[in-house]
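Colleague: Could you take me through this model step by step, setting each value against the rule behind it?

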Amino acid sequence: ESKAAGRGRVTVFDEEMLSDKRYRRLVERELRAAVYLGELELHYQPIVGTEGSIDALEGLIRWRHPVRGLISPAEFIPIAERSTLIDMIGEWVFKRACADIGHFPGRRISINVSGEQLKRDEIVTMCERVLRETGRSASGFIIEITETVATAATPEILRRLEALRGLGFHIALDDFGTGHCGFNYLKTLPIDSVKIDRSYIRSLAHDQVAQIFVSALTQIARIQHIAIVAEGVETAEEFTLARTAGCGRFQGYFFGKPAPRDKTSALCAADGEPLALSA
Ligand code: C2E
Ligand code: MG
Ligand code: MG
Ligand code: MG
């Protein structure tokens with residue numbers, strides 16, 4: 001039994017299995033087939049404003065495996081990242097988001113882009129092509145990149161981020177606070193928002209250092225015209241503390257768990273229509 005299983009989560013592909021090259025190949029083949037067989041699903045989680053109304057939805061991928069059940073991205077994205085399979089999945093995600101965005105009037109969709117995808121020009125050409133094919137506008141989408149990608153960004157990666165931003169995408173820095181990202185990155189990176197990792201949100205209630213960190217971050221961000229999103233808000237108290245610290249947007253189980261498109265669409269409809277964004 002794996003360690004993760006002990007924490008109440010089922011690990012489908014454990015490290016030992018994946019260290020076996022043949023086994024890894026098998027999973028890669030299965031994952032490639034999953035794209036064609038329609039086993040991938042994009043679920044959506046609301047991102048809300050200070051009044052609690054939905055202004056964006058983060059697309060989070062899941063693999064509905066016929067035998068193993070619903071598999072979390074934390075399990076299969078790292079496998080996909082070992083090859084260009086991640087490009088194929090990234091394209092599937094963006095196409096799905098373009099097809100679904102009409103179900104969420106007035107809201108943006110935020111998608112996660114892997115650092116591996118940013119290592120190739122294909123990310124920019126793929127996004128352009130999918131926008132053209134679907135008739136969607138880049139301004140309807142936010143691209144989330146992780147802090148680790150940002151801190152290790154090469155000139156080529158920065159150029160691709162600028163190109164994506166030039167197309168009209170918003171760029172968000174995900175999981176801020178988990179890596180080595182300093183406040184100076186808020187000045188040097190082409191980003192529109194920063195998502196504070198949920199470990200900080202969890203600490204706000206009892207850790208003064210976390211409070212000061214988040215407050216400082218929101219003050220700097222305000223000057224740089226960068227929006228701050230609090231991730232992993234699970235309680236009313238965390239919402240209040242994050243808002244007090246200056247966060248302007250919030251995401252977490254307190255507002256809603258990731259859910260399939262139709263359930264999310266109903267949630268948006270019940271929430272009313274916000275100021276129109278061009279989707
Ligand atoms: P992330 O982008 O930081 O996404 C947030 C994760 O936190 C999601 O896990 C979400 O379900 C979870 N979460 C949201 N609110 C709460 C909360 O209040 N409490 C707790 N405990 N967790 C919360 P999920 O869906 O398992 O995704 C895990 C990671 O997998 C994502 O982290 C992202 O890095 C990656 N991922 C997901 N979808 C994609 C994708 O389409 N492409 C790529 N490249 N990576 C993806
Ligand atoms: Mg994310
Ligand atoms: Mg995150
Ligand atoms: Mg995360």
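Predicted model: local features only at pLDDT ≥ 70, side-chain atom pairs only at ≥ 80, totals over all residues.

Colleague: Which residues of α8 are buried?

Modeller: Ile157, Arg160, Leu161 and Leu164 are the buried residues in α8.

Colleague: What puts them on the same side of α8?

Modeller: They cover an arc of only 100° around the axis, and therefore they lie on the same side of α8. An α-helix has 3.6 residues a turn, so residues three or four places apart point the same way. On the other side of α8, by contrast, Pro155 and Gly166 are exposed.

Colleague: What covers the buried residues of α8?

Modeller: The cover includes α6 (122–134), β5 (141–146), α7 (147–151) and β6 (170–176). After α8 comes Gly168, which has a positive phi, near 120°.

Colleague: Why does Arg107 count as buried?

Modeller: Buried means under 20% relative accessible area, and because the relative accessibility of Arg107 is 3%, Arg107 counts as buried. Arg107 is found in the loop between α5 (85–100) and β4 (108–112).

Colleague: What makes the pair Arg107 and Asp271 a polar contact?

Modeller: A polar contact needs a pair of N or O atoms within 3.5 Å, one able to donate a hydrogen and the other to accept it, and the side chains of Arg107 and Asp271 are joined by such a contact at 3.1 Å. The side chain of Arg107 also reaches the backbone oxygen of Pro105, at 3.1 Å.

Terms used:
Residues numbered from 1 in each chain as written. Chains lettered and ligands numbered in written order. Heavy atoms only, no water. Buried < 20%, exposed > 50% of the residue type's maximum accessible area, 1.4 Å probe, protein only. Helix = DSSP H or I, 4+ residues; strand = E, 2+ residues; numbered from the N terminus. Arc of directions from axis to C-beta. Contact = heavy atoms within 4.5 Å.
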